[in-house]
Amino acid sequence: MGSMRSLGALGVAAALMVASGAAQAAVVAYTNQATFQAALTGSFTLINLDAAPFNGFGTSYRVEDAAPAAAFASAGIDFFNFNAEVRAGQTGQIATPGRDRLIFNGTGFGGEIGVNFAGGVNGIGALSNNIDYGRILIYSGANFTGTLLGQIQFGPGALFGGLTSTDVINSARFTCDFNADRRCGIYDMQFGTFAIAIPEPGALSLLALPMLLLAGAVRRQSAR
């Protein structure tokens, strides 16, 4: 019985060691685009609506139509439920040179755009035109489900808004709740992931020690 108690104690110690090594989830807000991009040390994608393949569907198209939806899906995103529209000819409103296409919020202009991320991401940001602005809200689940992880204003114009989260972001909501007509444009939507951290050799040894002790206790108990 004493051996079993020791074995149980070793098991608890090992579990506590694993738990103590887990990082606490954190959400960080960004108003500087370069700083936001630098934080995403893993993958990174910027949706340039004025470059291929997103500029190949005419001067105005719905993002949920078959061909555009396939192009966005190849970049890792899926718009849903709002049938948002990409419009060209917006040069006078764009802060970034060479950008004249915007994603406008969808059917009936209800004031929001929804997007899911294939496989999840750790960061999402965007810009707006010079007269519109809104908020980005990020969620742990698809279709705005799960936990609301955080939110930030984006726009107008060059005022960037972005969020990173150590919890995976599976969907984002772009609202236009700061604008009287509840219509807004989004451009240069960007998202990415963190690089996977590899523990230092010393940390691995520290984590492995309780497991080795546990395995030794099991062998001794079996021999008895």
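**Rings, charges and a cavity**

Visitor: Which residues do ring pairs link into a cluster?
Guide: Ring pairs join Phe80, Phe82, Tyr139 and Phe144 into a cluster. Keep in mind that this is a predicted model.

Visitor: How many aromatic pairs does the structure hold?
Guide: There are 11 aromatic pairs. In one of them, Phe57 and Tyr61, the ring centres are 5.2 Å apart and the planes stand at 70°, so the pair is edge-to-face.

Visitor: Tyr61, buried or exposed?
Guide: Tyr61 is buried, at a relative accessible area of 5%. Phe57 is partly exposed, at 25%.

Visitor: Which side chain does Arg173 meet in a salt bridge?
Guide: That of Glu112, with 2.7 Å from N to O. Glu112 belongs to strand E7 (residues 112-128) and Arg173 to strand E10 (residues 161-175), so the pair ties together parts 61 residues apart in sequence.

Visitor: Why would such side chains pair at all?
Guide: Opposite charges on side chains can pair when the charged atoms come close.

Visitor: How many salt bridges does a search of the whole structure find?
Guide: The search finds five. One of them joins Arg99 and Asp188, whose closest N and O atoms are 2.7 Å apart. Arg99 is in the loop between strand E5 (85-87) and strand E6 (102-104), while Asp188 is in strand E11 (residues 185-192), so this pair ties together parts that are 89 residues apart in sequence. Arg99 and Asp188 are both buried.

Visitor: What about Arg87, which residue does it form a salt bridge with?
Guide: With Glu85, the closest N and O atoms being 3.5 Å apart. Arg62, Glu85 and Arg87 are linked in a network of salt bridges. Glu85 is buried at 12%, whereas Arg87 is partly exposed at 23%. The charged end of Arg87 also sits over the ring of Phe104, 4.9 Å from its centre.

Visitor: New topic. What volume does the largest cavity have?
Guide: About 30 Å³. The count is one cavity of 30 Å³ or more.

Visitor: And which residues line the largest cavity?
Guide: Val63, Glu64, Ala69, Phe72, Ala73, Ile77, Asp78 and Phe79. Six are nonpolar, none polar and two charged. Helix H3 (66-74) and strand E4 (77-79) each supply at least two residues of that lining.

How values were computed:
Residues numbered from 1 in each chain as written. Predicted model: local features only at pLDDT ≥ 70, side-chain atom pairs only at ≥ 80, totals over all residues. Heavy atoms only, no water. Phe/Tyr/Trp six-rings, centres within 6.5 Å; stacked < 30°, edge-to-face > 60°. Buried < 20%, exposed > 50% of the residue type's maximum accessible area, 1.4 Å probe, protein only. Lys NZ or Arg CZ within 6 Å of the ring centre and 35° of its normal. 1 Å grid on protein atoms, 1.4 Å probe; cavity = no way out; pocket = protein on both sides within 12 Å on 5 of 7 lines; lining within 4 Å. Points joined across faces, edges and corners; volume = space filled by probe spheres on them. Helix = DSSP H or I, 4+ residues; strand = E, 2+ residues; numbered from the N terminus. Nonpolar A, V, L, I, M, F, W, Y, C, P; charged D, E, K, R; others polar. Salt bridge = Lys/Arg side-chain N within 4 Å of Asp/Glu carboxyl O.
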